[in-house]
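Visitor: I would like to learn how to read a structure like this one. Please start with the way a chain is divided.

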Amino acid sequence: MNHENSARLHEKALDCIVGGVNSPSRSFKAVGGGAPVAMERAQGAYFWDVDGNRYIDYLAAYGPIITGHAHPHITKAIVRAAENGTLYGTPTPWEVQFAEMIREAIPSMEKIRFNNSGTEAVMTCIRVARAYTNRIKIIKFAGCYHGHSDLVLVAAGSGPSTLGIPDSAGIPQSIANEVITVPFNDIDAYADAIKKWGSEVAGVLVEPIVGNFGIVEPKPGFLEEVNRLTHEAGALVIYDEVITGFRFCYGGAQNLLGVTPDLTALGKIIGGCLPIGAYGGRKDIMEQVAPLGPAYQAGTMAGNPASIQAGIACLEVLKQPGVYEELDRLGAILEDGIRSAAAKHGVPIQLNRVKGALAVYFTDKEVVNYDDAQTADSETFGRFFRLMLEEGICLAPSKYEAWFITTAHTEADVRETLAAVDRSFAALAST
Ligand code: PMP
């Protein structure tokens with residue numbers, strides 16, 4: 001495959017955009033470096049790069065894309081919004097309709113606020129939890145990404161449950177000190193953290209199904225016990241459903257798993273591929289937010305008619321019968337095929353899948369937490385990523401990202417992908 005135009009574009013981009021990318025995860029740093037492939041057109045399950053190469057897309061823009069690119073129903077809604085003005089700075093009928101739709105799908109979100117990104121949604125959940133509890137500390141799980149606000153860009157130190165160390169320059173240690181990090185799926189570590197700091201904890205941030213070191217399901221009873229221990233300590237449970245919201249069913253992972261948080265953050269899918277975030281939860285907690293309460297949150301672009309109407313159209317598509325069943329069916333075919341190819345070529349992998357999202361780890365260790373995910377071999381992933389790219393299959397350039405199937409993917413796309421996986425695993429096995 002020829003990537004000359006991508007390479008040329010990257011040279012120019014390096015000169016005017018920091019690192020040549022607008023989000024670090026788009027760089028090819030984690031897969032051996034070089035120019036990332038630049039795309040210029042997308043339709044359904046495919047996109048085309050600036051050299052005219054076609055790819056089947058499993059990146060799905062890191063999660064928002066579930067109806068495929070440029071879905072006609074969503075496109076129509078965006079065009080309609082554009083023709084009628086995309087920003088009013090006033091209440092609109094669509095934001096009320098959309099809030100009602102989301103509350104119907106995720107009943108724990110009794111009251112909702114829209115904003116512009118997952119980062120904002122999570123950041124504000126933390127502020128609201130702090131305002132409500134009058135406490136400062138936050139617990140999060142190691143390896144889970146919750147956006148780039150100061151508070152959540154904090155990594156675990158060594159040891160089972162630790163106060164944080166900043167994951168980025170520019171974050172004061174005093175802020176990192178307010179974040180406690182524990183391993184996912186380890187209820188004893190969580191109980192220890194609650195025992196030690198429980199009376200100071202405002203809330204726990206949970207991805208109910210982890211989507212940021214592959215795909216990792218909670219062990220049976222884990223989330224229920226987290227809820228119980230957190231509430232016993234007088235703290236709030238905050239679900240970050242920025243990836244999981246509307247990904248596995250019409251609603252949140254909370255619907256699928258039968259667990260209920262106090263607050264929920266959404267983003268990605270609910271914007272119908274335009275920028276959005278939303279947070280919501282129990283009425284008495286949400287009433288902390290201005291203008292009703294003392295916790296301030298605002299936004300010029302919040303609830304803009306374009307994102308909201310794209311989001312409504314997206315949920316209308318997802319509400320059709322059979323959507324999630326088909327994503328699950330294709331996911332199962334992909335899973336079976338990848339497992340068979342790995343066995344055939346003797347490539348050790350772990351594969352975690354929930355419905356239409358899956359993760360392939362090049363390790364023989366079962367992956368239930370971040371430490372396990374880190375055992376996946378980076379070099380093998382880098383080679384696999386490039387082999388697949390040359391086959392016209394676009395994955396995220398990181399061993400920690402999931403593959404996402406959309407409603408635009410067909411069984412033929414999945415079969416084409418599996419043929420590419422087979423050849424790529426053969427190439428990995430032969431060296
Ligand atoms: N939470 C989770 C679980 C995410 O995966 C992400 C983005 N990958 C965010 C929050 C931040 O969302 P955004 O990039 O829209 O700010």
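Guide: Domain bounds come from an automatic or database domain assignment. For this protein chain, that assignment gives domain 1 (4–70 + 333–429) and domain 2 (72–318). Taken over C-alpha atoms, the centres of the two domains are 26 Å apart. Note that this is a predicted model, where local features need pLDDT of at least 70 and side-chain atom pairs count only at pLDDT 80 or more, while totals for chains, interfaces and linings use all residues. Residues are numbered from 1 along each chain as its sequence is written.

Visitor: How many residues of domain 1 are in contact with domain 2?

Guide: Two residues are in contact if their C-beta atoms, placed from the backbone, lie within 7 Å. Here 23 residues of domain 1 are in contact with 28 residues of domain 2. On the domain 1 side, the elements giving two or more residues are S14, S15 and helix H12 (370–374). Such helices (H or I, at least four residues) and strands (E, at least two) are DSSP runs, numbered from the N terminus. S15 supplies the largest share of that side, 4 residues.

Visitor: Which strands stand at the edges of the sheet that holds S14?

Guide: Two strands pair if DSSP finds at least two bridges between them. The open sheet has 3 strands in the order S14-S15-S17, with antiparallel pairing. Strand S14 (350–354) and strand S17 (403–404) are at the edges with a single partner strand each, so one side of each has no neighbour in the sheet. Strand S15 (residues 357–361) is joined to S17 by 2 bridges, and Leu 358 stands opposite Trp 403 in S17.

Visitor: Which residues touch the most other members of the largest nonpolar core?

Guide: In soluble globular proteins, nonpolar side chains tend to be buried together. A nonpolar core is a set of buried Ala, Val, Leu, Ile, Met, Phe, Trp, Tyr and Cys residues joined through C-beta atoms within 7 Å. A residue is buried if 20 or more other C-beta atoms lie within 10 Å of its own, exposed if 12 or fewer, and partly exposed in between, with C-beta atoms placed from the backbone. The largest core has 132 residues, and Cys 125 and Ile 238 touch the most other members. Helix H4 (residues 118–133) gives the most to this core, 8 residues. At least three core residues come from each of domain 1 and domain 2.

Visitor: What does Ile 238 touch?

Guide: Leaving out residues up to four places away in sequence, the contacts of Ile 238 include Cys 125, Ala 129, Val 204 and Leu 263.
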